[in-house]
Amino acid sequence: PSQALVDSHDALEAFRNDHAVLTSLAFVTIYAAMVGLSVPGATIATLTGGFLFGLWPGIAFNVAGATIGATLLFLAVRFGLGRSLAERIDASPGRIARIKRGLDENQWSMLFFIRLAPVIPFFAANLLPGLLNVPLNRFVISIAIGILPGAAIYTSVGAGLGSLLETGQRPDLGVIFEPRLLLPILGLAALSLVPVILRLRRSLQ
């Protein structure tokens, strides 16, 4: 199986070199479609981006595909169920309305947190903002920046996949959970919540 993957890699590299623009557009389109339709396999797609294009421009294509797909899903939810649901929540009393208002007051922090914290599924992080009054520009900026750390790690793993297969080794897909990589990401996630904590502290004083 490893040799078959190596041979496939060589064939894909040859096709990519002969049809660079077509391969890039096709990859970003397929990635965006997977994310937009919430099809499982975003991690495999990110590895494929590194496998085909290397760390650069692989990371750019991965982020572009994920951002475009997530934005399409966001718009579908916003103009379908999201707007009417948000209006109903705003008009309703009780805990749910208070939670929503809290999210609205801390949108930047919460948007970056749900991107950086690896415990929140990617599809859920795309759906939830569409159900709230999150402006489109905030959503796009937060996803493009927020997914960079994870995308960089998995793209680099994919970029080294060819050489690993040639030596008979297997890629370590759990690398993102190693402390040397996970702790900085969790640190960024915690940092994104600082404005929320400060605002809560001021409200309690």
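User: Among contacts in the chain between residues at least 6 apart in sequence, what share joins residues at least 24 apart?

Analyst: The share is 75%. Contact here means heavy atoms within 4.5 Å. This is a predicted model: local features need pLDDT of at least 70, side-chain atom pairs count only at pLDDT 80 or more, and totals for chains, interfaces and linings use all residues. Residues are numbered from 1 along each chain as its sequence is written, and side-chain values use heavy atoms, with hydrogens and water left out.

User: What makes up the secondary structure of the chain?

Analyst: There are 12 helices and zero strands. Helices are DSSP runs of H or I with at least four residues; strands are runs of E with at least two; both are numbered from the N terminus.

User: Why does Ser38 count as partly exposed?

Analyst: Ser38 has 36% relative accessibility. Buried means under 20% relative accessible area, exposed means over 50%, and partly exposed lies in between (1.4 Å probe, protein chains only). The value falls in the middle class, so Ser38 is partly exposed. Ser38 sits in the loop between H2 and H3. Its phi is positive, about 55°, although Ser38 is not a glycine.

User: Is Leu111 buried or exposed, and what makes it so?

Analyst: Leu111 is at 6% relative accessibility, so it counts as buried. Its place is in helix H6. Leaving aside neighbours within four places in sequence, Leu111 is in contact with Pro129, Val134, Arg138, Phe139 and Ser142. Leu111 and Ser142 are 31 residues apart along the chain, yet their C-alpha atoms are separated by 6.1 Å.

User: How are H2 and H3 set against each other, and why?

Analyst: Two packed helices are described by the angle between their axes and the distance between the axes. Axes are lines fitted to C-alpha atoms, for helices over the stretch in contact, and angles run from 0 to 180 degrees between N-to-C directions. The axes of H2 (residues 20–36) and H3 (residues 42–53) come within 10 Å and cross at roughly 170°. Angles under 35 degrees count as roughly parallel, over 145 as roughly antiparallel, 65 to 115 as roughly perpendicular, and the rest as oblique. The crossing therefore makes H2 roughly antiparallel to H3. The residues of this contact divide into seven nonpolar, five polar and no charged.

User: Which residues touch the most other members of the largest nonpolar core?

Analyst: They are Phe27, Tyr31 and Val134, in a core of 22 residues. A nonpolar core is a set of buried Ala, Val, Leu, Ile, Met, Phe, Trp, Tyr and Cys residues joined through side-chain atoms within 4.5 Å. H4 gives the most to this core, with six residues. Not counting residues up to four places away in sequence, Tyr31 touches Ala42, Ala45, Thr46, Asn62, Gly65 and Ala66.

User: What is the peptide bond from Trp56 to Pro57?

Analyst: That bond is cis, with omega near 10°. Pro57 is found in helix H4.

Conventions: Nonpolar A, V, L, I, M, F, W, Y, C, P; charged D, E, K, R; others polar.
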